[in-house]
Amino acid sequence: MTAPRVAAARSLVARSLIMDTAERLYATRGLAAVSLRQIGEAAGQRNKSAVQYHFSGRDDLIKAILAEHAEAIERHRLAMTARLGDPERLPLRERIGCIVLPRIEHHIELGVPSWYGRFLAQVTVEPALREYAVRAHLDTPSLRRLHDAGAAAGRFTARGKDMTRQLIVHMSAELEMELAREQPDAGVAATAWRRLGDDLVTAISGLAGALEATARAPARRGR
(Lines give C-alpha, C1' and ligand atoms only; values in the text may rest on other atoms or scores of the structure.)
Protein backbone atom coordinates (compact mmCIF):
# COMPACT_ATOMS: atom_id res chain seq x y z
CA MET A 1 0.00 0.00 0.00
CA THR A 2 1.37 3.42 -0.95
CA ALA A 3 2.01 6.13 1.63
CA PRO A 4 -1.01 8.27 0.54
CA ARG A 5 -3.28 5.24 0.83
CA VAL A 6 -1.91 4.41 4.27
CA ALA A 7 -2.52 8.01 5.36
CA ALA A 8 -6.06 7.94 3.96
CA ALA A 9 -6.82 4.65 5.72
CA ARG A 10 -5.51 6.02 9.02
CA SER A 11 -7.60 9.14 8.57
CA LEU A 12 -10.75 7.06 8.06
CA VAL A 13 -9.99 5.01 11.18
CA ALA A 14 -9.41 8.17 13.24
CA ARG A 15 -12.61 9.75 11.92
CA SER A 16 -14.65 6.66 12.79
CA LEU A 17 -13.10 6.46 16.26
CA ILE A 18 -13.89 10.12 16.90
CA MET A 19 -17.50 9.61 15.83
CA ASP A 20 -17.93 6.53 18.05
CA THR A 21 -16.36 8.32 21.01
CA ALA A 22 -18.45 11.45 20.53
CA GLU A 23 -21.65 9.41 20.32
CA ARG A 24 -20.83 7.64 23.59
CA LEU A 25 -19.87 10.80 25.46
CA TYR A 26 -22.82 12.83 24.19
CA ALA A 27 -25.18 9.96 25.05
CA THR A 28 -23.94 9.55 28.60
CA ARG A 29 -23.03 13.12 29.56
CA GLY A 30 -25.19 15.36 27.35
CA LEU A 31 -24.19 17.67 24.53
CA ALA A 32 -23.39 20.73 26.64
CA ALA A 33 -21.07 18.85 29.00
CA VAL A 34 -18.67 17.53 26.34
CA SER A 35 -16.06 19.58 24.49
CA LEU A 36 -14.36 18.69 21.22
CA ARG A 37 -11.06 18.53 23.07
CA GLN A 38 -12.47 15.97 25.50
CA ILE A 39 -13.71 13.89 22.57
CA GLY A 40 -10.29 13.96 20.94
CA GLU A 41 -8.55 12.94 24.17
CA ALA A 42 -11.02 10.13 24.85
CA ALA A 43 -10.53 8.91 21.27
CA GLY A 44 -6.79 8.71 21.86
CA GLN A 45 -5.90 11.54 19.49
CA ARG A 46 -2.61 13.25 20.39
CA ASN A 47 -3.34 16.35 18.35
CA LYS A 48 -5.58 18.67 20.37
CA SER A 49 -7.23 19.85 17.14
CA ALA A 50 -7.85 16.35 15.77
CA VAL A 51 -11.65 16.64 15.90
CA GLN A 52 -11.59 19.99 14.08
CA TYR A 53 -9.29 18.45 11.46
CA HIS A 54 -11.91 15.84 10.57
CA PHE A 55 -15.03 17.92 11.28
CA SER A 56 -15.61 21.65 11.03
CA GLY A 57 -17.17 21.75 14.49
CA ARG A 58 -19.56 20.11 16.92
CA ASP A 59 -22.63 20.33 14.70
CA ASP A 60 -20.78 18.86 11.70
CA LEU A 61 -19.64 15.95 13.89
CA ILE A 62 -23.16 15.30 15.18
CA LYS A 63 -24.61 15.48 11.67
CA ALA A 64 -22.09 12.89 10.47
CA ILE A 65 -23.13 10.52 13.28
CA LEU A 66 -26.82 11.02 12.47
CA ALA A 67 -26.24 10.42 8.77
CA GLU A 68 -24.36 7.18 9.42
CA HIS A 69 -27.21 5.76 11.51
CA ALA A 70 -29.90 7.01 9.12
CA GLU A 71 -28.16 5.21 6.26
CA ALA A 72 -28.04 1.95 8.22
CA ILE A 73 -31.73 2.20 9.17
CA GLU A 74 -32.64 2.96 5.57
CA ARG A 75 -31.00 -0.30 4.45
CA HIS A 76 -33.19 -2.26 6.86
CA ARG A 77 -36.32 -0.37 5.80
CA LEU A 78 -35.70 -0.78 2.07
CA ALA A 79 -35.30 -4.53 2.56
CA MET A 80 -38.51 -4.68 4.59
CA THR A 81 -40.61 -2.63 2.17
CA ALA A 82 -39.25 -4.65 -0.76
CA ARG A 83 -40.61 -7.81 0.90
CA LEU A 84 -44.01 -6.31 1.74
CA GLY A 85 -44.70 -4.40 -1.47
CA ASP A 86 -46.54 -1.13 -2.19
CA PRO A 87 -46.97 0.88 1.07
CA GLU A 88 -50.35 2.21 -0.09
CA ARG A 89 -51.69 -1.35 -0.14
CA LEU A 90 -50.44 -2.27 3.32
CA PRO A 91 -52.74 -2.39 6.37
CA LEU A 92 -52.09 0.33 8.91
CA ARG A 93 -50.24 -1.91 11.37
CA GLU A 94 -47.86 -3.25 8.71
CA ARG A 95 -47.19 0.26 7.42
CA ILE A 96 -46.32 1.45 10.91
CA GLY A 97 -44.18 -1.64 11.34
CA CYS A 98 -42.15 -0.48 8.36
CA ILE A 99 -41.54 2.81 10.17
CA VAL A 100 -40.66 1.34 13.56
CA LEU A 101 -39.09 -2.08 13.09
CA PRO A 102 -36.10 -1.14 10.89
CA ARG A 103 -34.94 1.14 13.72
CA ILE A 104 -35.36 -1.74 16.16
CA GLU A 105 -33.26 -4.02 13.96
CA HIS A 106 -30.58 -1.35 13.81
CA HIS A 107 -30.48 -1.17 17.61
CA ILE A 108 -30.08 -4.95 17.75
CA GLU A 109 -27.30 -4.75 15.16
CA LEU A 110 -25.42 -2.24 17.35
CA GLY A 111 -25.15 -4.74 20.21
CA VAL A 112 -24.81 -4.05 23.94
CA PRO A 113 -23.78 -1.57 25.12
CA SER A 114 -24.83 0.93 22.49
CA TRP A 115 -25.33 4.68 22.66
CA TYR A 116 -27.30 5.69 19.58
CA GLY A 117 -30.71 5.74 21.32
CA ARG A 118 -29.52 8.03 24.12
CA PHE A 119 -27.47 10.12 21.70
CA LEU A 120 -30.52 10.72 19.51
CA ALA A 121 -32.64 11.62 22.54
CA GLN A 122 -30.04 14.24 23.49
CA VAL A 123 -29.89 15.66 19.98
CA THR A 124 -33.65 15.94 19.51
CA VAL A 125 -34.01 18.26 22.52
CA GLU A 126 -31.20 20.55 21.34
CA PRO A 127 -32.90 23.47 19.50
CA ALA A 128 -30.01 24.03 17.09
CA LEU A 129 -29.92 20.38 16.02
CA ARG A 130 -33.46 19.09 16.46
CA GLU A 131 -34.68 20.02 12.98
CA TYR A 132 -31.65 18.50 11.32
CA ALA A 133 -32.06 15.28 13.32
CA VAL A 134 -35.70 15.06 12.22
CA ARG A 135 -34.80 15.62 8.57
CA ALA A 136 -31.92 13.13 8.65
CA HIS A 137 -34.27 10.35 9.71
CA LEU A 138 -37.40 11.37 7.82
CA ASP A 139 -35.92 12.53 4.52
CA THR A 140 -35.18 9.08 3.14
CA PRO A 141 -36.87 7.52 0.10
CA SER A 142 -38.51 4.64 1.95
CA LEU A 143 -39.87 6.74 4.82
CA ARG A 144 -41.20 9.43 2.46
CA ARG A 145 -43.18 6.74 0.63
CA LEU A 146 -44.59 5.40 3.89
CA HIS A 147 -45.63 8.84 5.13
CA ASP A 148 -47.12 9.73 1.74
CA ALA A 149 -49.14 6.52 1.87
CA GLY A 150 -50.28 7.36 5.40
CA ALA A 151 -51.28 10.88 4.39
CA ALA A 152 -53.27 9.52 1.45
CA ALA A 153 -55.14 7.27 3.87
CA GLY A 154 -55.92 10.19 6.18
CA ARG A 155 -53.32 9.26 8.79
CA PHE A 156 -49.94 10.58 9.92
CA THR A 157 -50.82 14.21 10.46
CA ALA A 158 -47.97 16.53 11.44
CA ARG A 159 -48.89 16.15 15.11
CA GLY A 160 -49.16 12.41 14.71
CA LYS A 161 -45.66 12.28 13.23
CA ASP A 162 -44.33 14.31 16.15
CA MET A 163 -45.97 11.99 18.67
CA THR A 164 -44.70 8.92 16.84
CA ARG A 165 -41.16 10.26 16.80
CA GLN A 166 -41.24 11.09 20.51
CA LEU A 167 -42.44 7.60 21.39
CA ILE A 168 -39.82 5.86 19.27
CA VAL A 169 -36.89 8.05 20.28
CA HIS A 170 -37.45 8.22 24.01
CA MET A 171 -38.67 4.65 24.57
CA SER A 172 -35.64 3.41 22.63
CA ALA A 173 -33.34 5.54 24.77
CA GLU A 174 -34.92 4.13 27.94
CA LEU A 175 -34.45 0.52 26.83
CA GLU A 176 -30.91 1.15 25.65
CA MET A 177 -30.00 2.59 29.06
CA GLU A 178 -31.58 -0.38 30.82
CA LEU A 179 -29.68 -2.87 28.64
CA ALA A 180 -26.41 -1.00 29.11
CA ARG A 181 -26.89 -1.29 32.87
CA GLU A 182 -27.87 -4.98 32.90
CA GLN A 183 -25.51 -6.19 30.12
CA PRO A 184 -27.62 -9.19 28.99
CA ASP A 185 -26.44 -11.58 26.31
CA ALA A 186 -27.23 -10.82 22.67
CA GLY A 187 -30.30 -13.07 22.52
CA VAL A 188 -31.93 -11.53 25.57
CA ALA A 189 -31.21 -8.01 24.30
CA ALA A 190 -32.66 -8.80 20.86
CA THR A 191 -35.83 -10.18 22.47
CA ALA A 192 -36.18 -7.02 24.57
CA TRP A 193 -35.76 -4.80 21.52
CA ARG A 194 -38.28 -6.75 19.46
CA ARG A 195 -40.77 -6.67 22.31
CA LEU A 196 -40.40 -2.90 22.41
CA GLY A 197 -40.86 -2.80 18.64
CA ASP A 198 -44.14 -4.71 18.87
CA ASP A 199 -45.35 -2.47 21.70
CA LEU A 200 -44.48 0.66 19.73
CA VAL A 201 -46.30 -0.60 16.63
CA THR A 202 -49.39 -1.34 18.74
CA ALA A 203 -49.27 2.05 20.49
CA ILE A 204 -48.69 4.05 17.32
CA SER A 205 -51.40 2.15 15.43
CA GLY A 206 -53.86 3.04 18.18
CA LEU A 207 -52.66 6.64 18.19
CA ALA A 208 -53.08 6.94 14.42
CA GLY A 209 -56.59 5.54 14.60
CA ALA A 210 -57.55 7.85 17.46
CA LEU A 211 -56.21 10.96 15.70
CA GLU A 212 -58.02 10.02 12.52
CA ALA A 213 -61.30 9.58 14.43
CA THR A 214 -60.80 12.93 16.17
CA ALA A 215 -60.13 14.68 12.86
CA ARG A 216 -63.34 13.30 11.37
CA ALA A 217 -65.55 14.06 14.36
CA PRO A 218 -66.26 17.76 13.52
CA ALA A 219 -67.30 16.77 10.00
CA ARG A 220 -69.80 14.25 11.39
CA ARG A 221 -71.21 16.82 13.83
CA GLY A 222 -71.64 19.32 11.02
CA ARG A 223 -73.85 17.03 8.97
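Me: How many cavities of 30 Å³ or more does the structure hold?
Reply: The structure, which is a predicted model, holds three cavities of that size. A cavity is a set of points on a 1 Å grid over the protein atoms alone where a 1.4 Å probe fits but cannot get out. Grid points are joined across faces, edges and corners, and a volume is the space filled by probe spheres set on the points.

Me: How much space lies in the largest cavity, and which residues are closest to its centre?
Reply: The largest cavity holds about 180 Å³. It is lined by 16 residues, of which Arg103, Leu138, Leu143, Arg165 and Ile168 are the closest to the centre. Lining residues have an atom within 4 Å of a point.

Me: Which helices supply the lining of the largest cavity?
Reply: α5, α7 (127-138), α8 (141-152) and α9 (158-182) each supply at least two residues. α9 gives the most, with five residues. Helices (H or I, at least four residues) and strands (E, at least two) are DSSP runs, numbered from the N terminus.

Me: And what is that lining by class?
Reply: The lining of the largest cavity has eight nonpolar, four polar and four charged residues. Here Ala, Val, Leu, Ile, Met, Phe, Trp, Tyr, Cys and Pro count as nonpolar, Asp, Glu, Lys and Arg as charged, and the others, Gly among them, as polar.

Me: Let us turn to α5. Where does the kink lie?
Reply: The kink in α5 is at Cys98, shortly before the proline Pro102, and is about 35°. The bend at a residue is the angle between axes fitted to the seven residues ending there and the seven starting there.

Me: What span should α5 have?
Reply: With 19 residues (92-110) at 1.5 Å a residue, α5 should span 27 Å, and its end C-alpha atoms are 28 Å apart, which agrees. The expected span is 1.5 Å times one less than the number of residues.

Me: Which residues of α5 are buried?
Reply: Among them are Cys98, Pro102, Arg103, His106 and His107. Buried means under 20% relative accessible area, exposed over 50%, partly exposed in between (1.4 Å probe, protein chains only).

Me: What comes after α5?
Reply: α5 is followed by Gly111, whose phi is positive, near 80°. In the loop between α5 and α6 (116-123) sits Pro113, which is joined to Val112 by a cis peptide bond with omega of about 0°. Most residues other than glycine have a negative phi, and most peptide bonds are trans.

Me: Which residue other than glycine has a positive phi?
Reply: Gln183 has one, near 50°. Gln183 lies in the loop between α9 and α10 (186-221) and is partly exposed, with a relative accessible area of 43%.

Me: New topic: is Tyr26 buried or exposed?
Reply: Tyr26, in helix α1 (residues 3-29), is buried because its relative accessible area is 0%. Its contacts (heavy atoms within 4.5 Å) include Leu31, Arg58, Phe119 and Gln122, not counting residues up to four places away in sequence. Tyr26 and Gln122 are 96 residues apart in sequence, yet their C-alpha atoms are 7.4 Å apart.

Me: What are the ground rules for these values?
Reply: In this predicted model, local features need pLDDT of at least 70 and side-chain atom pairs count only at pLDDT 80 or more, while totals for chains, interfaces and linings use all residues. Residues are numbered from 1 along each chain as its sequence is written, and side-chain values use heavy atoms, with hydrogens and water left out.

Technical notes. 1 Å grid on protein atoms, 1.4 Å probe; cavity = no way out; pocket = protein on both sides within 12 Å on 5 of 7 lines; lining within 4 Å.
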